[in-house]
Amino acid sequence: MTHHLSPRAKEATIGELSDRSGVPQSALRFYEREGLISSRRTSGNQRRFSRDTLRRVAFIRASQRVGIPLAAIREALAVLPEGRTPNRADWARLSEDWRDDLNTRIRRLERLRDNLTDCIGCGCLSIDVCALANTDDRLGERGPGARGLGV
């Protein structure tokens with residue numbers, strides 16, 4: 001069932017918010033439980049979200065897409081005055097704060113990508129060359145077999 005969110009609507013049902021944002025209702029309930037979004041309840045105990053929740057959900061999803069953990073997103077949203085929805089200036093400031101962390105993760109992933117071929121055929125991570133987990137075969141000094149994998 002498709003729910004249409006009227007451009008003039010000040011509030012949205014969970015179905016309308018889900019359809020408009022592309023975020024499953026279960027994820028919206030999770031975001032609410034985690035304090036990332038909020039709703040009011042009708043007399044029939046149905047959720048009603050303010051229209052600006054759509055922007056807040058978009059902020060959460062964009063942050064998640066670039067790998068920001070929910071805890072960091074929650075912290076970022078918590079510093080906004082009176083729980084307001086992030087605006088363009090907020091996004092610019094927060095994304096700048098996250099830039100160093102993202103660059104570090106990108107470098108780590110690039111190293112993983114570049115060294116992955118040397119590791120795949122190993123199986124035990126203690127051959128003479130393992131650029132990922134066993135540089136210079138340090139683990140080979142402990143004897144034969146897999147090391148560092150909990151086996």
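Q: What stands opposite R41 in strand 3?
A: R47 does. This is a predicted model, where local features need pLDDT of at least 70, side-chain atom pairs count only at pLDDT 80 or more, and totals for chains, interfaces and linings use all residues. Residues are numbered from 1 along each chain as its sequence is written, and side-chain values use heavy atoms, with hydrogens and water left out.

Q: How many bridges join strand 2 to strand 3?
A: Two, and the strands run antiparallel. Strands here are DSSP runs of E, at least two residues, numbered from the N terminus, while helices are H or I runs of at least four. Pairing takes at least two DSSP bridges between two strands.

Q: What's the strand order in the open sheet?
A: 1-3-2, with antiparallel pairing. Strand 1 (11-12) and strand 2 (40-41) each have a single partner strand, so one side of each has no neighbour in the sheet.

Q: Where does N45 sit?
A: In the loop between strand 2 and strand 3. N45 isn't a glycine, yet its phi is positive, about 65 degrees. Most residues other than glycine have a negative phi.

Q: Is N45 buried or exposed?
A: Exposed, at 51% relative accessible area (buried is under 20%, exposed over 50%, partly exposed in between, with a 1.4 Å probe and protein chains only).

Q: Switching to helices: which residues make the contact between helix 1 and helix 3?
A: L17, R20 and S21 of helix 1, with T53, L54 and V57 of helix 3; contact means heavy atoms within 4.5 Å.
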